[in-house]
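Please have a look at the chain on the screen, and I will then go through some of its residues one by one.

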Amino acid sequence: MIAIMDYGVGNLFSVGKAFLYLGADAAITSNLDVLRRAEKIVLPGVGAFGDCMKNLRDSGMIPVLTERVKAGVPLLGICVGLQILFEGSDESPEAEGLGFFRGRVRRIQAEGLKIPHMGWNSLSVKREVKADLFKGLPENPFVYFVHSYHAAPEDEDIVTATADYGERLTAAVAKDNICATQFHPEKSGDVGLRILKNFIDGGDAV
């Protein structure tokens, strides 16, 4: 069973609908026992970094999430669900992230372009990543973004895909059993559905 974490933020309906469309055994939940039993976990997120972290702390799910990730359960972060995997964000300097990855989240520097970065953009995928979310996709697939900040990992090796919007943006990261996308696969048409299907069918993130 795939647990889609409900902590009061995130595009839960669209995410849940996409997984059900793909035939996955998935449930939107805030129940800690369900989270403990889940074979895979999805961490969505929409809005400000600080608000997401406050809601996640208040939900009481962080200790269980951390325990499950340390146990090797595959985790997929989406949008701000990617950002809060890091140590902190310039958007909410007072808020500590989960710290699963080293690094911070920075505001997009795109002189002359509108912020937030909103709409369809193509990905540059690291093809040397062996068995990740992007297998079976065409070159430079288009996906849907809505964000003003992106991750700046200390370890560049965890970056599995980038996008260009005034600068090189971190579009996806993965290491061991954790993977995450800055874009919204649930809003990215057939490409996004293939990415979610890869998560459903796959084991480790990389």
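This is a predicted model: local features need pLDDT of at least 70, side-chain atom pairs count only at pLDDT 80 or more; totals for chains, interfaces and linings use all residues.

Arg 194 is in contact with Lys 135, Gly 136 and Leu 137, once its neighbours within four places in sequence are left aside, where contact means heavy atoms within 4.5 Å. This arginine is found in helix α6, which covers residues 189-201, and helices here are DSSP runs of H or I with at least four residues, while strands are runs of E with at least two, both numbered from the N terminus. With a relative accessibility of 35%, Arg 194 counts as partly exposed, because buried means under 20% relative accessible area, exposed means over 50%, and partly exposed lies in between, using a 1.4 Å probe and protein chains only. Between Arg 194 and Ala 152 there are 26 Å in space, C-alpha to C-alpha, and the two are 42 residues apart in sequence.

Residues are numbered from 1 along each chain as its sequence is written, and side-chain values use heavy atoms, with hydrogens and water left out.

Now to the chain as a whole, which has 6 helices and 13 strands. Its radius of gyration, taken over C-alpha atoms, is 15 Å, close to the 17 Å that the globule rule gives for 206 residues, and so the chain is as compact as a globular protein of that length; the rule itself is 2.2 Å times the number of residues to the power 0.38. Of the 206 residues, 54% count as buried, and among contacts with a separation of 6 or more, 71% come from residues 24 or more positions apart.

Which residues does Asn 121 touch, if we do not count those up to four places away in sequence? They are Pro 141, Phe 142, Val 143, Phe 145, Ala 163, Asp 164 and Tyr 165. Asn 121 is found in strand β7, residues 117-122, and is buried, with a relative accessible area of 13%. Its side chain also reaches the backbone oxygen of Asp 164, at 2.9 Å.

Let us turn to helix α4, residues 62-70, whose buried residues are Ile 62, Val 64, Leu 65, Thr 66, Arg 68 and Val 69. In an α-helix there are 3.6 residues a turn, so residues three or four places apart point the same way. The cover over the buried residues of α4 includes the strands β1, β3, β4 and β13, together with the helices α2 and α3. After α4 comes Gly 72, with a positive phi near 95°.

Finally, there are some backbone details to look at. Most residues other than glycine have a negative phi, and most peptide bonds are trans. Cys 79, however, has a positive phi of about 60° although it is not a glycine; this cysteine sits in the loop between β4 and α5 and is buried at 4% relative accessibility. Asp 176, in the loop between β12 and β13, likewise has a positive phi, near 55°, but this aspartate is partly exposed, with a relative accessible area of 47%. The peptide bond from Ile 115 to Pro 116 is cis, with omega near 15°, and Pro 116 is found in the loop between β6 and β7.

Terms used: A polar contact is a pair of N or O atoms within 3.5 Å; within protein, one must be able to donate a hydrogen and the other to accept it, and residues adjacent in sequence count only if both atoms are side-chain atoms.
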